[in-house]
Amino acid sequence: MAEMNLFHYTERNTFLHSTNPITKIFTLLLLSISLARSPLVAVCILFLLNLVVAWVTTLPFHRYRREIRFFLVMGLLIFAARSLQAPDWIDPVTALVRFATIVLMGMIFADSSAPDDIARS
């Protein structure tokens, strides 16, 4: 079975890598809760904020090209399923951007947190 390496730690010297892992988990929890019922504009703002964080911490997107296809397919399935039952385009787009934001937050957290960080904090 092929190993999927999308969510794994990469050692680098960035502000997020040196942040306490409990702080990162708490921030992840707060962002996830705020995504739950946010309108499209707020979800897009959170997505852009996460893109900026990914860019500043130099998240290696080029290494994740092949693995991210799975999440693209899942996002399109979410969009299609929501489109079938939604009266307008806002709900499916919000669900798609929300899913992309959650995946991006997971990538950022996993890339910047070593597996034993919590034990050492």
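Visitor: What makes F70 count as buried, partly exposed or exposed?

Guide: This is a predicted model. The relative accessibility of F70 is 45%. Buried requires under 20% and exposed over 50%, so F70 counts as partly exposed.

Visitor: How do you know whether F71 is buried or exposed?

Guide: F71 has a relative accessible area of 14%. The cut-off for buried is under 20%, and therefore F71 is buried.

Visitor: Why is the pair of F70 and F71 called edge-to-face?

Guide: The ring centres of F70 and F71 are 5.1 Å apart, and the ring planes stand at 75°. Centres within 6.5 Å make a pair, and planes over 60 degrees apart make it edge-to-face; the pair of F70 and F71 is therefore edge-to-face.

Visitor: What makes the pair of F71 and F99 tilted?

Guide: For F71 and F99 the distance is 6.3 Å centre to centre, with 45° between the planes. Stacked would need under 30 degrees and edge-to-face over 60, and the value of 45° leaves the pair as tilted. Both F71 and F99 are buried.

Visitor: Which parts does the pair of F71 and F99 tie together?

Guide: F71 belongs to helix α3 (residues 68–85) and F99 to helix α4, so the pair ties together parts that are 28 residues apart in sequence. The count of aromatic pairs is two, and ring pairs join F70, F71 and F99 into a cluster.

Visitor: Why is α1 described as roughly antiparallel to α4?

Guide: Helix α1 (residues 21–36) packs against α4 at an angle of about 180°, and the axes are 11 Å apart. Angles over 145 degrees count as roughly antiparallel, so α1 is roughly antiparallel to α4. By class, nine nonpolar, three polar and two charged residues make up this contact. Among the residues that meet there are K24, I25 and L28 in α1 and M105, F109 and S112 in α4.

Visitor: How do you know whether S112 is buried or exposed?

Guide: S112 lies in helix α4 (residues 90–112). Its relative accessibility is 1%; the limit for buried is under 20%, so S112 counts as buried.

Visitor: What surrounds S112 beyond its neighbours within four places in sequence?

Guide: S112 is in contact with Y9, L16, H17, K24 and D117.

How values were computed. Residues numbered from 1 in each chain as written. Predicted model: local features only at pLDDT ≥ 70, side-chain atom pairs only at ≥ 80, totals over all residues. Heavy atoms only, no water. Helix = DSSP H or I, 4+ residues; strand = E, 2+ residues; numbered from the N terminus. Buried < 20%, exposed > 50% of the residue type's maximum accessible area, 1.4 Å probe, protein only. Contact = heavy atoms within 4.5 Å. Axes fitted to C-alpha atoms, helices over the stretch in contact; angles between N-to-C directions. Parallel < 35°, antiparallel > 145°, perpendicular 65-115°, else oblique. Nonpolar A, V, L, I, M, F, W, Y, C, P; charged D, E, K, R; others polar. Phe/Tyr/Trp six-rings, centres within 6.5 Å; stacked < 30°, edge-to-face > 60°.
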